[in-house]
Amino acid sequence: MAGSYFPQWRVRSSTSDGQGQVIATDERLPMPQTVAMGVQHVVAMFGSTVLAPLLMGFDPNLAILMSGFGTLLFFLLVGGRVPSYLGSSFAFIGLVIAVTGYGGHGPNTNLGVALGGIVACGVVYTLIGFLVSAIGTRWIESLMPPVVTGSVVAVIGLNLAPIAVKGVTGNNFDAWMALGTVLCVGLVAVFTRGMVQRLLILIGLLMAYVIYAILTNGAGLGKPIDFSSVANAAWFGIPTFASPVFKMDAMALLAPIAVILVAENLGHIKAVSAMTGQNLDKYMGRAFIGDGLATILSGSVGGTGVTTYAENIGVMAVTKIYSTLVFVVAAVIAIVLGFSPKFGAVILTIPGAVLGGVSIVVFGLITVSGARIWVENKVDFSNNTNLIVAAVTLVLGAGDFTLKLGGFALGGIGTATFGAIILYALLRKRG
């Protein structure tokens with residue numbers, strides 16, 4: 001039915017070779033394959049969605065839970081028309097640490113102050129969404145054209161890269177194991193076919209996990225995997241909820257992060273539009289509102305701020321499966337897992353070298369998806385405005401350039417985002 005709020009998803013069977021077939025947003029695979037793809041999207045978002053709360057002293061199980069609820073809320077707001085997964089945003093990390101004074105270990109004892117700022121950010125983000133719904137995207141596209149959005153998306157991957165690399169270079173064995181994990185994912189991506197190829201992240205991780213276990217638990221070459229915590233963990237448990245505390249100084253620091261989230265979401269939707277050949281601009285305002293409300297919901301109960309995930313867009317780029325129903329499955333899986341300490345214990349057995357290797361691939365896919373925005377939109381780099389904007393933005397973000405104004409500190413992603421917007425506004429040729 002053409003006028004229905006949700007699409008009428010047509011069933012498409014996977015081809016045997018898995019090459020070139022595109023599953024559109026309003027199509028779906030048979031249920032077993034849809035579930036398998038949902039699992040892969042959970043795997044793709046998991047590293048960042050768990051890592052971000054750990055860096056800020058949040059409960060990672062609650063972050064997983066709220067990512068699921070946030071994704072379902074987003075799905076409802078966009079009418080199932082935009083394929084996206086909402087996970088923990090890294091844009092909040094620097095400022096959350098600044099406003100809470102978090103020391104980097106254990107629970108954040110000043111968590112409520114950060115949550116108040118996260119809720120304030122969500123409110124600003126939602127209001128921007130209503131404005132875009134009312135007057136369209138032209139004004140925001142004027143501020144953030146493809147050269148800016150592509151740069152911001154690429155910067156997120158580059159800014160996260162040191163986290164993955166530093167996490168696996170503590171010793172020689174882990175460094176080699178991380179490269180082995182990258183190779184496992186690459187082998188699955190290039191030399192397999194059909195659904196195996198489409199599950200490259202999941203299967204590559206499992207292959208590397210088994211290899212790691214053989215080399216360590218079996219041959220004694222590195223730190224063995226300890227499974228005792230899994231046996232002792234409960235199957236079901238409630239995550240640790242927390243309430244926001246609204247302090248004006250913290251809210252003033254965290255609320256402007258909404259601009260970064262807008263740039264991320266805009267870039268992601270443009271990337272999906274380019275990959276699917278569908279113009280999703282008419283859903284932009286609703287997508288901003290969905291993301292903003294999901295951030296408010298998450299911050300209200302103790303979760304991190306959320307954003308649409310380029311990691312999952314990277315998976316879509318490789319698999320060519322854009323069915324929005326896959327993200328409903330992924331969200332439901334995340335919700336179930338969020339209520340399971342046993343699951344958290346299992347995930348914690350994944351060696352850092354393996355998770356870091358997968359992160360190298362996924363963060364690389366984020367960076368490339370930003371470059372893809374440039375390519376698909378034919379950004380002209382013989383134009384010095386575009387050249388300077390992209391060049392400066394990439395270095396600011398990759399170098400984690402931090403700018404301090406009194407008590408206000410803007411980390412690398414924030415500096416790069418605002419820098420790109422301001423540079424383009426100042427340098428673009430008018431008329």
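This is a predicted model: local features need pLDDT of at least 70, side-chain atom pairs count only at pLDDT 80 or more; totals for chains, interfaces and linings use all residues.

Reader: How many charged residues are in the lining of the second largest pocket?

Author: Sorting the lining by class gives 19 nonpolar and four polar residues. For the charged class, the count in the second largest pocket is none: no charged residues.

Reader: Which element gives the most to the lining of the largest pocket?

Author: Several elements supply at least two residues each, among them α1 (31–56), α6 (146–166), α12 (257–276) and α19 (412–427). β6 (408–410) also supplies at least two. With seven residues, the element that gives the most is α1.

Reader: Let us move to the surface. What accessible area does the nonpolar patch have?

Author: The patch is formed by Phe 381, Leu 387, Ile 388, Val 392, Ile 422, Leu 426 and Leu 427. Helices α18 (384–398) and α19 each supply at least two of its residues. Together the patch residues have an accessible area of about 580 Å².

Reader: Is Ile 422 buried or partly exposed?

Author: Ile 422 belongs to helix α19 and is a member of the nonpolar patch. Its relative accessibility is 47%. Since exposed would need over 50% and buried under 20%, Ile 422 counts as partly exposed.

Reader: Where is Thr 109, and what is its distance in space from Phe 58?

Author: Thr 109 sits in the loop between α3 and α4 (111–135). Thr 109 is exposed, because its relative accessible area is 82%. In sequence, Thr 109 and Phe 58 are 51 residues apart. From C-alpha to C-alpha, their distance in space is 9.7 Å.

Reader: What is the phi of Lys 378?

Author: Most residues other than glycine have a negative phi. Lys 378 is not a glycine, yet its phi is positive. Lys 378 lies in the loop between α17 and α18 and is exposed, with a relative accessible area of 70%. Its phi is about 50°.

Reader: And what is the phi of Asp 400?

Author: Asp 400 is found in the loop between α18 and β5 (403–405). At 42% relative accessibility, Asp 400 is partly exposed. Phi of Asp 400 is also a positive value in a residue other than glycine, near 55°.

Reader: How many salt bridges does the structure hold?

Author: One of them joins the side chains of Arg 10 and Asp 26, at 3.4 Å from N to O. That pair links distant parts of the chain, 16 residues apart: Arg 10 is in strand β1 (residues 10–11) and Asp 26 in the loop between β1 and β2 (27–28). The structure holds a total of four.

Reader: How far apart are the closest N and O atoms of Asp 281 and Lys 270?

Author: These two residues form a salt bridge. Asp 281 is in the loop between α12 and α13 (284–301), and Lys 270 is in helix α12, eleven residues away. The closest N and O atoms are 3.1 Å apart.

Reader: Last one: by about how many helical turns are Glu 376 and Arg 372 separated?

Author: Their side chains meet in a salt bridge of 3.8 Å, N to O. Glu 376 is partly exposed at 35% relative accessible area, and Arg 372 is partly exposed at 31%. Because they are four residues apart in helix α17, the separation is about one helical turn.

Note on methods. Residues are numbered from 1 along each chain as its sequence is written. Side-chain values use heavy atoms; hydrogens and water are left out. Ala, Val, Leu, Ile, Met, Phe, Trp, Tyr, Cys and Pro count as nonpolar, Asp, Glu, Lys and Arg as charged, and the others, Gly among them, as polar. Patches are made of residues with over 30% relative accessible area and no salt bridge: like charges are joined within 9 Å, nonpolar side chains (Val, Leu, Ile, Met, Phe, Trp, Tyr) within 5 Å. Accessible areas come from the Shrake-Rupley method with a 1.4 Å probe; for residues, only the protein chains shown count as cover. Buried means under 20% relative accessible area, exposed over 50%, partly exposed in between (1.4 Å probe, protein chains only).
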